[in-house]
Amino acid sequence: MTMNIPQLTKRAAWQPLEAHYTKIRNMHLRKLFADDPKRGERMTTEAIGIYFDYSKHRITDETLSLLFQLAEESGLRARIDSMFRGEKINITEKRAVLHTALRAPKGKSIVVDGEDVVPKVHTVLDKMTGFCNRVRSGEWKGHTGKPIRNVINIGIGGSDLGPVMAYEALRHYSQRDLTLRFVSNIDGTDFAEAIRDLAAEETLFIISSKTFTTLETMTNAHTARDWVLKTLRHPAAVARHFVAISTNVGEVAKFGIDTTNMFEFWDWVGGRYSMDSAIGLSTMIAIGPENFRAMLDGFHQMDEHFRTAPFERNLPVLMGLLGIWYNNFFGMQTVAVLPYEQYLKRFPAYLQQLTMESNGKHVTLDGTEIGYQTAPIYWGEPGTNGQHSFYQMIHQGTKLIPCDFIGFIQPLNHLGRHHDLLMANMFAQAEALAFGKTPQEVQADGTPAWLVPHKTFEGNRPSSTILVKRLTPEALGKLVALYEHSVFTQGAIWQIDSFDQWGVELGKVLAGRIIPELETGTEHQLKHDNSTNTLIQRYRRYKK
């Protein structure tokens, strides 16, 4: 399928898009709204409880028409169907890409290598449910007979970012007599601070590593085991204070974990797409199985919307195509994700891995060097905090930074005027970015002439506004899946493999060579570049 698709810049829609960009690139949103008074109502779409306003983008109906044409010429529809059918679209690892199967309802059939995977998914979900209920109720006891009051998830990358984001996002729904913490960094400070005020006899560790060999995760896991055994002394304690999310039965058993408390996931689940698999065990313990399944239902609703909705009304497709427009025509470098909801404070960090590990690629599916930009940098902070730090640059800086504003109509914590003030700020920021303030308007305020340039806002800064009724587990599932499928859309158009991550490997290999050179204290013959050799020598000298 992919081999018959011309390179991006050779597709039929590309040249018309370039010509169109030249024609409208300087057109201001003030004019676009003046020429179309209903634009703010017309350039919106609503589906599965998400209202998406894309009217404040530097686009016209012609822009959208050409972008939809580009999507068709890029084989997006066929590639969507291939993913949902379980075909091995991760070509460099020869794997299916089926995070969508993790949230498929019972009775649905998705076949991989001749096997329906949906029953296996639900077997694991049921096993997770039983375990979580025992922990949450106090039925699961530690080695000394005390119930578990603390749960620490040890993982890294997708085995950490998803669970910690989901826990923070859904903390409102969490069981408050349980303490949830997350350890990922190999820096010993991360572990030391996580356990500093906890009692080993009341603490359960979830070790999340598909292979059970990941350097950072297993280093922290062995430190956790040493900490538990220092207090509880007997090796049998490990089985009561550790569970595993893995596929490596041998290594799990060798560690001392009872393999009946090992929760499985599969090679067709990529790490950054795994928060709704067994990797989400800590999430389920925190919010309960019922809420976890509601989150899965939100994911599934977005999956079905993405799979079936026409591109013109398809939320992930629209979001993905707008990203292509700015990335590949305006040359923008970043996207700011600005949730006006404190519970989503880790959402931008989660999206960094999802978007940049997926689409930060330099060759096409057939290995051809790419001559155009792929993934932009994703970043952001919750509003209104960001308004008092980096918004200055978004409003008056020299870089074009498209923004995603995410807001909720109903607050989870009702405190006087707080929520109205929060949302007023979100709407105001999007308005200010789009329309700015002209020199004439600044002068009319009585501003001295010399100060006018400093107080002028150019405007014409694009943004999307995503409005949802309330932050629920279901809503979180929809939002995460929205970005997952937007990433997929862009990867299909760029003709890249969004599901491998070879770029993380080289640093690991080199670190493996350097570790013994740092630990032995003897003068190994160093065979690195002059800078690295000098740094290693300096580290060893001062370490003594």
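These legends describe close-up views of a predicted model.

**View 1. Helix 15 sits largely enclosed by the rest of the structure.** The helix runs over residues 347–359. Its 13 residues should span 18 Å at 1.5 Å a residue, and the end C-alpha atoms are 18 Å apart, which agrees. Of the 13 residues, 10 are buried. They are Phe347, Pro348, Ala349, Tyr350, Leu351, Gln353, Leu354, Thr355, Ser358 and Asn359. The cover over these buried residues includes two helices, helix 7 (158–169) and helix 20 (473–494). It also includes strand 10 (334–339), strand 11 (377–379) and strand 12 (403–408).

**View 2. The largest nonpolar core holds 123 residues.** Trp268, Leu281, Trp325, Phe347, Ile466, Leu476 and Tyr483 touch the most other members. Helix 20 gives the most to this core, with 12 residues. A second, separate core has 25 residues, among them Ala194, Ile195, Ala224 and Phe255. In soluble globular proteins, nonpolar side chains tend to be buried together.

**View 3. Leucine 281 and its contacts from beyond four places in sequence.** The partners are Met128, Phe131, Cys132, Ile206, Val243, Ile245 and Phe263. Leu281 is also one of the members of the largest nonpolar core that touch the most others.

**View 4. Helix 14 is mostly covered.** The helix spans residues 315–330. From first C-alpha to last, helix 14 reaches 22 Å, close to the 22 Å expected at 1.5 Å a residue. Just after the helix comes glycine 331, with a positive phi of about 70°.

**View 5. Valine 121 is buried in helix 6.** The helix covers residues 118–137. Valine 121 has a relative accessible area of 3%, so it falls under the 20% limit for a buried residue. Leaving aside neighbours within four places in sequence, valine 121 is in contact with Ala101, Leu102, Trp266 and Trp268. Isoleucine 409 lies 288 residues from valine 121 in sequence. In space, the two are 34 Å apart, C-alpha to C-alpha.

**View 6. Ile186, Leu215 and Ile515 make a nonpolar surface patch.** Its area is about 230 Å². Leucine 215 lies in helix 9, residues 215–232. Leucine 215 has 43% relative accessibility, so it counts as partly exposed.

Technical notes: Residues numbered from 1 in each chain as written. Predicted model: local features only at pLDDT ≥ 70, side-chain atom pairs only at ≥ 80, totals over all residues. Heavy atoms only, no water. Helix = DSSP H or I, 4+ residues; strand = E, 2+ residues; numbered from the N terminus. Expected span 1.5 Å × (residues − 1). Buried < 20%, exposed > 50% of the residue type's maximum accessible area, 1.4 Å probe, protein only. Contact = heavy atoms within 4.5 Å. Core = buried A, V, L, I, M, F, W, Y, C linked by side-chain atoms within 4.5 Å. Patch = residues over 30% accessible without salt bridge, like charges linked within 9 Å, V, L, I, M, F, W, Y side chains within 5 Å. Areas by Shrake-Rupley, 256 points an atom, 1.4 Å probe, with all protein chains shown as cover. Salt bridge = Lys/Arg side-chain N within 4 Å of Asp/Glu carboxyl O.
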